[in-house]
Every structure is written in C-alpha cells, then in structure tokens.
Amino acid sequence: MRISPLLTWYFGKHVLISVLAILALLIGLILIGDTIELLRRAGNKPDATVGIVLQMATSRIPFMTEKVLPFAVLFGSMFSFWKLTGNQELVVTRAAGVSAWQFMLPPILCALILGSIQVGALNPLSSILLQKYETLEARYLQNNASVMNLSSSGLWLRQGTQDGQAVIFARSVSNQQGDQLDLRNVTIFRFEDADDFTMRVDAGRAVLEPGTWRFYDSWSFVPGQASTFAEEMMLPTNLTARKIQDSFASPETMSFWDLKPFITLLERAGFNATRHRIHFHSLLSRPLLLCAMVLIAAAFCLKFSRRRRASLVIGGGVATGFILYFCTDVISALGVSGGIPPILSAWAPAGISLLLGVTTLLHLEDG
C-alpha cells in the first residue's frame, strides 16, 4: 500500500516539531550554563560587562546547536515515535498495510534537510560567530590584544612559492586589522623544491597586503654572493590575515565552504591538514548521521514499545547517544594521530550508526 501525501506530511511534521522542541530545550540549558560560567570568569575583569558576557554566550549558540543537533534528532524522534505508538496511530497505520519503511521516509527526509541546512547555512554562521566569541574572549577575559598565537620566540609562517617554499619568521606582530598584517623584525628563508636553501632576507618590517608581502629595509643574503640592501621588496603570496589566523585556530572556526580551498593551501605550504580534512568530511557525513539517529530512535520505540517501561526506552536512548558521542571522539582522535585514515575516521561514526539502525529495524520489522 502506498502512503498518502497527507499522512506523509503528518508524520514528518510530528517528528520535526519534536526535534525542534528538544533542540530548543537543549540550547536553552546550554545558554544558561555558558552564561553562568562566563559571569564567573568575568567576575574580576572590570571591562567584561554583563552585556559583553551575554554577547559572548549568544555567539556560541550556533556552534553548540551543531554539537547537540544529533542528540536532538535522536531524542526528538524517540519522543515522537513513542507518542505516536502510544496513541495507536502507528498501530492503525501498520494495520492498514503501511510498512515501517514507508512511514519512516518522512522523518528521514526531515533529518536529511536538517543536516543539509546545518552544513550549508548553520556552519558558516557558526564559524563567524565562534571567531567573534574567541576575539571577545581574548580581549576581555584573557587580556590579549589579538587572538593570533605566538610562540615564546615569535611567529612562524610558511607558504608555497612558484619555485619552492618560503619560511617567514617575525619576532613581533605590530598590528592586525582586517586583511592587513604588520610584522616587525622579520626573517625570510627561501627554499627551492623542498629543502634546497637559496636565500635569506632580513627586514625591519613586513606588511601583508592582498596578494603581496611588502618587506621594508631588507638585506638579502644569497650563498656565494654579496649581500644587497633594498628599501622595499615584494613577495607574491596567497596567504591572507584571515587564513593565517585560521591556521592557528581550530577547524570549527572555519566555514564549510572555505575548508576545501584552505586544506589545499595548507598542503601546498607543507603543513599537516589532517584535522581540517577530518572536520570537512565530518560535516559532509552529518546528514547521514542524522538519518542514522532517526533509525536508531525507531528501533527503540516502534516495536513492542507498549511492553517496555518508559525508563527503559529513555535510558536506552540516552546510553546510545553517549556511546555514539564517545566512539566519535575516539575515532576522531585515531584519525588525527594517524592510526586510521582521516576519511575513514570522519565517515565511520555515521556509517556504523546507519548500519546499526538499519539492521535493527530489519530484524524487528521483517524478522
């Protein structure tokens, strides 16, 4: 029997409303907890007013929404299926000849839509606001003028060039505004291919402009030749102040649409892009993971739910959610450390969850 469009809309709306309600509840609890923690940290910071604290707490909402969305889909789907079964609506639907796979299609489509919205729209917004949060945190809670991290000796950068690589060392960052970066006491090491040293340049100042490094009061040293002085010299670059900042920040502060080009840039410059690659593929697998959450929720609530106590269903769902979260962190750590391929570590949680849900439903539905 083919499920009617009206019934499809009803099941999909019922699950979607439950998921959004659970998501709003979780975000509200997290917002209250974050606000209290930030108020505690800002207790001895006179510049961190209540308005700044609230601004910081709200800036983390999209990021935390991404984190708790799989749990919201799991718990919301469980509540919706449990309620529909308790009201005998799913029992009547299945008695009319509609299989579980047919009325599971609307919730799965809702999960796919939510996952696509997260990847395409929520993640870029989350990256922008998370960077704003880190900037405010560095300024008001950590007393740093810039969120760019420096080692005890200075700032090290590396970029690819037409004939090799260039390593740039600056002892201090004088200014960082928009797309411009002002460095002082700069040393540049030029390499042909990977490790064939060709030139050293010492400059009193370096300014990063769109597409170009400008070095002022520079001395150039080439092996076997006399040193030369230049008031100004230029070096083409594909680095920007934003990309340099992103290289120090976590991959979560980067938009999904910027990750792929940035991974290519990191690898061309010789950096390790494993964390960014894992994060990129984790975002790609998010719609699949949300579909798996729906299937796991159905496995708990569709079959024999009247014989089960509420505590058993709720406890099983909570335990499953935390086990999946723990396994995701472990598999991601293995990918970052090189224990397993990065793509496998990103797709494994979603794939395993989906196979687990499908297998359980096949056993319960088709025996």
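At what angle do the axes of helix α1 and helix α2 cross, and within what distance do the axes come? The legends below take up this pair and then other regions of the predicted model.

**Figure 1. Overview of the protein chain.** The predicted model shows a protein chain with 11 helices and six strands. Of the 367 residues in the chain, 44% count as buried. Among contacts with a separation of 6 or more, 63% link residues 24 or more positions apart.

**Figure 2. Packing of helix α1 against helix α2.** The axes of α1 (residues 5-41) and α2 (residues 50-59) cross at roughly 140° and come within 9 Å. The two helices are therefore oblique to each other; angles over 145 degrees would count as roughly antiparallel. The crossing of α1 past α2 is right-handed. On the α1 side, the contact is formed by L31, T35, L38 and L39, and on the α2 side by V53, L54, M56, A57 and T58. By class, this contact has seven nonpolar residues, two polar residues and no charged residues.

**Figure 3. Packing of helix α2 against helix α5.** Helix α5 spans residues 100-141, and its axis is 8 Å from that of α2, at an angle of about 150°. Here α2 passes α5 in a crossing that is left-handed. From α2, the residues in the contact are I52, Q55, M56 and S59. From α5, they are L129, L130, K132, Y133, L136, E137, Y140 and L141. Eight nonpolar, two polar and two charged residues make up this contact. M56 of α2 takes part in the contact with α1 and also in the contact with α5.

Figure 4. The unreviewed UniProt entry lists residues 15-32, 104-122, 287-305, 311-331 and 343-364 under "transmembrane region". In the model, residues 15-32 are 100% helix and 0% strand, with 26 Å between the end C-alpha atoms. Residues 104-122 are likewise 100% helix and 0% strand, and the end C-alpha atoms of this span are 25 Å apart.

Figure 5. E66 is part of helix α3 (residues 61-86). Its relative accessible area is 7%, so E66 counts as buried, the cut-off being under 20%. Which residues does E66 contact, leaving aside its neighbours within four places in sequence? They are Q118, L122, N123, S126, L283 and R286. E66 and L122 are 56 residues apart along the chain, and their C-alpha atoms are separated by 7.7 Å.

**Figure 6. Burial of helix α8.** Helix α8 (residues 274-284) is mostly covered, with eight of its 11 residues buried. The buried residues of α8 are T274, H276, R277, I278, H279, F280, H281 and L283. L283 is also one of the residues in contact with E66.

Figure 7. S255 sits in the loop between α6 (241-248) and α7 (256-268), whereas W257 belongs to helix α7. Is each of the two buried or exposed? S255 is buried, at 7% relative accessible area, while W257 counts as exposed, at 56% relative accessibility. With residues up to four places away in sequence not counted, W257 touches G120 and P124. W257 and P124 lie 133 residues apart in sequence, and the distance between their C-alpha atoms is 7.5 Å.

Figure 8. N185 has a phi near 55°, which is a positive value in a residue other than glycine. This residue lies in strand β3 (residues 180-192). N185 is partly exposed, and its relative accessible area is 42%. D217 is not a glycine, yet it has a positive phi of about 55°. Strand β5 (residues 212-221) contains D217. With 47% relative accessibility, D217 counts as partly exposed.

Note on methods. Residues numbered from 1 in each chain as written. Predicted model: local features only at pLDDT ≥ 70, side-chain atom pairs only at ≥ 80, totals over all residues. Heavy atoms only, no water. Axes fitted to C-alpha atoms, helices over the stretch in contact; angles between N-to-C directions. Helix = DSSP H or I, 4+ residues; strand = E, 2+ residues; numbered from the N terminus. Parallel < 35°, antiparallel > 145°, perpendicular 65-115°, else oblique. Left-handed = near helix turned anticlockwise from the far one by under 90°. Contact = heavy atoms within 4.5 Å. Nonpolar A, V, L, I, M, F, W, Y, C, P; charged D, E, K, R; others polar. UniProt positions renumbered as here; feature names shortened; annotations may be inferred. Buried < 20%, exposed > 50% of the residue type's maximum accessible area, 1.4 Å probe, protein only.
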